[in-house]
Amino acid sequence: MAETTQLTRHIESYVDSSSTPTHQATSLDAIGLLIKTNALTLEALVRELDMYLTSTDTVIRARGILLLAEVLTRICSKPLDSETIHSLVGFFKERLADWKAVRGALVGCLALIRRKSVAGMVTGSDAKAIAQSFLQYLQVQSLGHYDRKLCFELLDFLLEHHADAVASLEEDLIYGICEAIDAEKDPECLMLAFHIVESLARLYPDPSGLLASFASDVFDILAPYFPIHFTHPSSGDTHVQRDDLSKILMSAFSSTPLFEPFVIPLLLEKLSSSLHSAKIDSLQYLRVCSSKYGAERIAKYAGAIWSSLKDTLYTYLAEPDLSFTLPINGIGFPENEVVIEALSLLQQLIVQNNSQLVSLIIDDEDVNFIINSIASYETYDTISVQEKKKLHAIGRILYITVKASISSCNAVFQSLFLRMMDNLGIPVSNIDGLQNSAIFTSQNVKFGFLYLCIELLAGSRELVVLSEEKRETYCTLLHSYSTVLFNAFDSVLDVSADRCLPGPDIHIGVKGLQILAMFHLDVFPIPKSTFENILKKFMSIIIEGFNRTVLWNAALKALFHIGSFVQNFSESEKAMSYRSFVVDKTMELLSLDDIALPFSLKVEALSDIGMTGMKNMLTILQGLEGALFANLSEVHRNLKSSEIAAQLLECYSCKLLPWIHENGGAEESIVQFTVEIWSQAGNCMDFNSPFEEKGLLDSMMKALKVSVGCCSVESQNAIIQKAYSILSSHTKFQLNDVGRLPLTPGAYDISPRDEGILLLFASVIIALRPKTHIPNIGGLLQLFIITLLKGVVPVAQALGSMVNKLIPKSNGAEKSGEFPLEEALDIIFNTKIWFSSTDMLQRCNGSSNGSEMVLTDLCLGITNDRLLQTNAICGLAWIGKGLLLRGHEKIKDITMIFIECLMSDRKSSLPLIEGSLASTEEQKSDPLPRKCAADAFHILMSDAEVCLNRKFHATIRPLYKQRFFSTILPIFQQLITRSDSPLSRSFLYRAFAHVMSDTPLIVIVNEAKKLIPVLLDCLSLLTEDIEDKDILYGLLLVLSGILTEKNGQEAVIENAHIIINCLIKLVDYPQKTLVRETAIQCLVALSMLPHARIYPLRTQVLRAIPKCLDDTKRSVRREAVKCRQAWASITSSRSLRF
């Protein structure tokens, strides 16, 4: 047993009201642990507590009772015998009468009734005794918040888990619950209270039983809470949200049909409320309550509910978006929660009270007015605003009615649909005679008729999908009228050409034909000829109606949806017709030169039709390949073939290939396509200039990159072998000898043909995965070095991709037989280039009579050849980017080369090449190489789209930009400070501007104090040259980010005056609108700084802004108005804001 002194110390610590909550909780845990570990028995604790439990001091007594209750809570899993539990129940239920100690009594009762059977739980008689004491002694609403919550938890648990025991309390229980809940306002307590009412309804379910006598009283307590008007602060201790309260109140409302006489009238009354939330809640409650109360009880309210729903739809249903960016089913409307809830309620009522609701709809005066007057609605624009609202609302109502159930669908088609046909002069008795007649002419095509038909067709189509019932009445009617409906929708498209009808009318015609074509063939068996006629109609628009853009786009999207539908549902007959009349015809368009359809539209149609399904895509891809390779074979003698081939390649790269990749298409087709392009490239070698058209070459490069990037390592191995064989056999590059023999002077005067092949090969290299095997890497590296010095940028990008993906020796490159990264870097940086007076470039391995230098020497301008130097710098930048991405240490050396280019005016350490046109003094003053070195930092830091990204499997080390920035920042700071040459300083600023623009903002903000002065100097410098406008804008975005981030506020406040001076110079920057707009936005952000800091600058800003109010761009004028308002509101009497 525990020592008495230790237990006494814990008890006194808890009972003492002057102890801190932490000490009290510690003592309580210690006592609980003693009992759990059997170091103390519960009986011994009660004996020790006796003086506290019976003390005449109310504070001590309350603390003692609460101590015992909390201990019971902590030992809920410790087994107790039934006698002990009964004794404790007797103690705590009696303490409920002690209002000074009521919290301890409530906690004790809760701890006891929550015990599980495995540890000993209260009996039914004990639970009833607790409930009786609760009802007899407690006035819940007189207690504090926490005690009320405990009361509701106790009641809730008794009703949930001891329902049989407390049910015999009958009237006393109901009265007690009503008294406890009445006027409660706390959200947490209300959550429990509403659930108690729901439990009470389950306790007395008999509709003529006890609760029936008190239903009115109970509901009178609930009614004031609807609708929930939640004002509890969101930052308070409660986690209860308005929606939580509303849902549980809805459960209470719908808990028993006894509430129906009170609930439904209240909800109908609130449905007319102008409060948006009240209207939504009313509709939601009506839907749930109607379902719970049953059809018989709701029947008497059907008329009133229908009338209210109709009025709600008239008011809240917005005008439909009759465009072609909508879901494939029916008419699309802007989302509105009121409308959604109203239609949901209507659908449920139709399912629940079918015949009654359908009769109300069919016999409704407004519905019949629309049906009888549709003949007068010839076009959309001729309908008045009020009648449009009614047409839209009735259309939605019919759509919901038709899709709700088969019986409601049959009823609508047998009555309203047939009456519509009669009004248009198409009686059912004469339908057979009208099947093939042209009954719809330019005079009798009616928009209203077509509009309602679409709503009916869309609803019945959804019903078909959901029910899968066959051969119902409505199906028979639709089959009978299918040709008539086709003629009607077909006619409106024909009329649109004659009358130049607006978009809504065209939308209705196209949408109608689309829905007709998308019914399940075995449910709504429209004749095969009708389905094919729909396809023919759309294809005729595609071929001949290209000058009507809206109609053409609509027809293409309809064909896409139809094709996707027939593929998804594997409807073989429709799918075969679609392939015959759409897919095959679309492929034929590529080879037809005698039609006026522009080739760009042919390609657009080709891609959209292909994306209807994988089978169609492979067919389309086969047709595209045939047309592409046919045109590639003609590019040497036909410029138009080059243009066509470029468009086909763009379609393949940007549309078809991404779709194939996303939808799990077979890789074999991609590999086959890529290999065939290489074969075509090889065949073109027989002609002198196959790649004169740069657009075609760019398209081929892009297609190869994207294709290779999608392939696996095995497929890439096959592709690179094919590409290398073409490069080796169809060009003058001596790849096997390049590492051994000196190159003759003319060996690398690359012809356009060879350059084209090399660029295609570089595109493949860029997209390879790291594990793909590249043949003859050493020879390729040396070839790439020589080629990049001629300014072939994609080759430099390929070189950067290679060094990014090659495996280092430390990762087992030599053991696996792969070319190690270290050897590649040795070749790149130690290969010596020989220059002579007559030869531009030669590579040699040994000593030579000419001048020898490595790539880094060329970057520093040793040759005095400006073009050669800039090409070397650009090439080294892409190599550096590849190394930077993988986090290689060599990037430090490359960075210092660029910095030396920015700073150094050094002379060549080698004799000048005889005959050079540039002198040393001219080299010093030439800014182009130094500008190129500054722009190299943009290559290093920017996210490249064409290479070295995740799409092309680059090795990217996390946070590489942050590491590089932290390394380069102190270097640039030191160099800028020490630079005494204005020209050198300007290039340092330009380089550092690139670094800042491409570094993640969070890193910049953390260094804001150091960077703001440099950033402002960069902004001032970059305004001088129009070519720097994009760099200027990027840097301005960095400043904007600093201004809007909290972490940068301190640095901004310190430099507010110089920031504002700089921005004022940019508000009228003429070369770029975004610069002016962003500069003004930055001034607005500065207006939120502390008043004392910015008030002295107010006049300066207000003087600068008026000239922006007359800017030629509206966006700038709008921002200028905001800026003027923000700064004009800063007055001398404004309170300080810190």
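1. A word before we start: two residues are in contact here when heavy atoms of theirs lie within 4.5 Å. Please also keep in mind that this is a predicted model. With that settled, look at helix α18, where Leu346, Leu349, Ile350, Val351 and Gln352 meet Asn354, Leu357, Val358 and Ile361 of helix α19. Sorted by class, this contact has 7 nonpolar and 2 polar residues, and no charged ones.

2. Staying with that pair, α18 covers residues 337-352 and α19 covers residues 354-363. An angle of 65 to 115 degrees would count as roughly perpendicular and one over 145 as roughly antiparallel, so α18 and α19 are oblique to each other.

3. Next, find helix α13, residues 242-253. From its first C-alpha to its last, this helix of 12 residues reaches 16 Å, close to the 16 Å expected at 1.5 Å a residue. Its buried residues are Leu245, Ser246, Ile248, Leu249, Met250, Ala252 and Phe253. What do the buried residues of α13 pack against? Their partners are α11 (187-203), α12 (210-222), α14 (260-271) and α15 (276-293).

4. One of those partners, α15, deserves a look of its own. The helix is mostly covered, with 13 of its 18 residues buried. At 1.5 Å a residue, its 18 residues should span 26 Å, and the 25 Å between its end C-alpha atoms agrees with that. After α15 comes Gly294, which has a positive phi near 100°.

5. The loop between α12 and α13 holds Phe226. Is Phe226 buried or exposed? Its relative accessibility is 3%, so Phe226 counts as buried. Leaving out residues up to four places away in sequence, Phe226 touches Leu249, Phe253, Leu266, Leu267, Lys270, Ala278, Asp281, Ser282 and Tyr285. Of these, Leu249 and Phe253 are also among the buried residues of α13. The C-alpha atom of Phe226 is 9.1 Å from that of Met250, a residue 24 places away along the chain.

6. Phe226 and Pro227 are joined by a cis peptide bond, with omega about -10°. Pro227, too, sits in the loop between α12 and α13.

7. Two residues other than glycine have a backbone angle to note. Ala183, in the loop between α10 (171-181) and α11, has a positive phi near 75°. With a relative accessible area of 52%, Ala183 is exposed. Asn776 also has a positive phi, near 50°, and is found in the loop between α35 (752-767) and α36 (777-788). Asn776 is partly exposed, at a relative accessible area of 30%.

8. In helix α23, residues 447-467, you will find Glu462. Buried means under 20% relative accessible area, so Glu462, at 16%, counts as buried. Which residue does the side chain of Glu462 join in a polar contact? The partner is the side chain of Tyr399, at 2.3 Å.

9. Finally, Asn717 has its place in helix α34, residues 713-729. Asn717 is partly exposed, at a relative accessible area of 26%. Setting aside neighbours within four places in sequence, Asn717 is in contact with Thr772 and His773. The C-alpha atoms of Asn717 and Ile774 are separated by 7.7 Å, although the two residues are 57 apart along the chain.

Conventions. Residues numbered from 1 in each chain as written. Predicted model: local features only at pLDDT ≥ 70, side-chain atom pairs only at ≥ 80, totals over all residues. Heavy atoms only, no water. Axes fitted to C-alpha atoms, helices over the stretch in contact; angles between N-to-C directions. Helix = DSSP H or I, 4+ residues; strand = E, 2+ residues; numbered from the N terminus. Parallel < 35°, antiparallel > 145°, perpendicular 65-115°, else oblique. Nonpolar A, V, L, I, M, F, W, Y, C, P; charged D, E, K, R; others polar. Expected span 1.5 Å × (residues − 1). Buried < 20%, exposed > 50% of the residue type's maximum accessible area, 1.4 Å probe, protein only. Polar contact = N/O pair within 3.5 Å; in protein donor to acceptor, adjacent residues only side chain to side chain.
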